[in-house]
Amino acid sequence: MNISSLDIDYLLTTSDPTAVDNLFAEAAALRNRVYGRTIFLRGLIEISNHCRNNCLYCGIRRDVKTQRYRLSKEQILDCCQTGHNLGFRTFVLQGGEDAWFTDEVLCDIVADIKHRFPDCAVTLSLGERGRDSFRRLREAGADRYLLRHETADASHYALLHPAEMSFEHRMQCLYDLRDLGYQVGTGFMVGSPFQTLDTLKKDLAFIAEFHPDMVGIGPFIPADGTPFANRPAGSIDLTLRLLAILRLLLPDVLLPATTALGTLHPSGRERAIAAGANVIMPNLSPQDTRALYSIYNNKLSTLSEAAETVADIRARLLAIGFDAPIDRGDHKKMKLEN
Ligand code: SAH
């Protein structure tokens, strides 16, 4: 759907529950037409909480005094093996910008995962790197890259990040990744400090124009030890509306029901599915490091988020009429009949 044909202001602000229900129903129906009643699972592996950056919202920013860890290659491969046995066919390696993971180290890890699990997709979510680094990782076998743009408004970006970080560079990374043949995911937090209706509309316009394969959005949740520790969390309702609008704008987009939503509400992810989401990323990280990857407070890291409960997730999806196949869940170019 063309962005100009949607009344975004109305959809984001109306207090008419019928209008909101209709929005969710329309988005869910569209998701069903494009992807069927299928939810794709990705195994999330949080490889490091070391970070050279100092994003003001993030609980693992450089200045936060917290215990740091990084996983070894063997630990990462073990997580993949566990995930593969559970039926995952996508592994998402996420982490802070940790200089220990040089191109050489990462390429070796990616190549090994692809060698051992040739039926799997490897997604990286490791922040900004140079084009040459992205190219080498792609050549080593990485299939996808997730890099949220965080906000499409340059002055808002400057309020969320320290001066040494640049909006232009983050955007450049996204275009480089696309150019290098990655399936690309971007996105933003809902309710981040200083966000307005105007910046949200810029996010939607950017996403509609860039047409990423994936869009990750979730509510902002304050993180202890950060400058935004006392800010209010983002709204679940607004997040759900934005998910539905994104589905209408990009019918074929892969749209995760994010952990942040599940953290704020026990059925947050089910509600996201009802609003058009079609991806869930359970955590495959080793149990003892999960709590350390604390990008925000009270992040789901206990049993409800354990990949061991994937059978339970499948059962819950089945109960609402969805299957979660053993499948890479690649982006599907839209094939709508009309
Ligand atoms: N270092 C990587 C991965 C960051 S963590 C990168 O820069 O892309 C993944 C996402 O978590 C971030 O892009 C951000 O949008 C989100 N995030 C960080 N802090 C958060 C917070 N306090 N509340 C909600 N989401 C947060």
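Is Arg89 buried or exposed? With a relative accessible area of 13%, Arg89 is buried, a word that here means under 20% relative accessible area, while exposed means over 50% and partly exposed lies in between (1.4 Å probe, protein chains only).

## Basis of the description

The model is predicted, and local features need pLDDT of at least 70, side-chain atom pairs count only at pLDDT 80 or more, and totals for chains, interfaces and linings use all residues. Residues are numbered from 1 along each chain as its sequence is written, and side-chain values use heavy atoms, with hydrogens and water left out.

## Strands E2 and E3 and the residues around them

Helices (H or I, at least four residues) and strands (E, at least two) are DSSP runs, numbered from the N terminus. Strand E2, residues 43-48, is mostly covered, with 6 of its 6 residues buried. E2 pairs with strand E3 (residues 90-95) in the parallel sense over 5 bridges, where two strands are said to pair if DSSP finds at least two bridges between them. Within this pairing, Phe91 in E3 is the bridge partner of Gly43. From E2 the chain crosses through helix H3 (residues 73-86) to E3, and this β-α-β crossover is right-handed, a term that applies if, with the strands pointing away from the viewer, the path from the first strand over the helix to the second runs clockwise.

Arg70 is in the loop between E2 and H3 and is partly exposed, with a relative accessible area of 31%; Arg70 and Asn49 are 21 residues apart in sequence, yet their C-alpha atoms are 6.6 Å apart in space. Arg89, in the loop between H3 and E3, has a side chain joined to that of Asp119 by a polar contact of 3.1 Å. A polar contact is a pair of N or O atoms within 3.5 Å; within protein, one must be able to donate a hydrogen and the other to accept it, and residues adjacent in sequence count only if both atoms are side-chain atoms.

## Helix H9

Because 13 of its 14 residues are buried, H9 is largely enclosed by the rest of the structure.

## Aromatic pairs and charges over rings

The structure holds 9 aromatic pairs, where rings of Phe, Tyr and Trp (its six-membered ring) pair if their centres lie within 6.5 Å, and planes under 30 degrees apart count as stacked, over 60 as edge-to-face and the rest as tilted. Among them is the edge-to-face pair of Trp100 and Phe101, at 4.9 Å centre to centre with 85 degrees between the planes. Trp100 counts as partly exposed at 42% relative accessibility, whereas Phe101 counts as buried at 4%. The rings of Tyr145 and Tyr182 have centres 6.0 Å apart and planes at 90 degrees, so this pair is also edge-to-face. Tyr145 lies in strand E5 (residues 144-146) and Tyr182 in the loop between helix H7 (167-179) and strand E6 (183-190), so the pair ties together parts that are 37 residues apart in sequence. Tyr145 is buried, with a relative accessible area of 0%, and Tyr182 is buried with 4%; together with Phe134 they form one aromatic cluster.

Two rings carry a charge over them, in the sense that NZ of Lys or CZ of Arg is within 6 Å of the ring centre and within 35 degrees of the ring normal. The charged end of Arg231 sits over the ring of Phe194, 4.9 Å from its centre, and that of Lys332 sits over the ring of Tyr35, 5.7 Å from its centre.

## Positive phi values and a histidine contact

Glu150, in the loop between E5 and helix H6 (154-160), has phi near 75 degrees, a positive value in a residue other than glycine, and at 8% relative accessibility Glu150 counts as buried. His211, in the loop between helix H8 (197-210) and strand E7 (214-219), likewise has a positive phi, near 50 degrees, but counts as partly exposed at 31% relative accessibility.

His331 is in the segment after helix H13 (310-319) and is buried, with a relative accessible area of 12%. A polar atom of the His331 side chain lies 3.2 Å from the backbone oxygen of Asp252.
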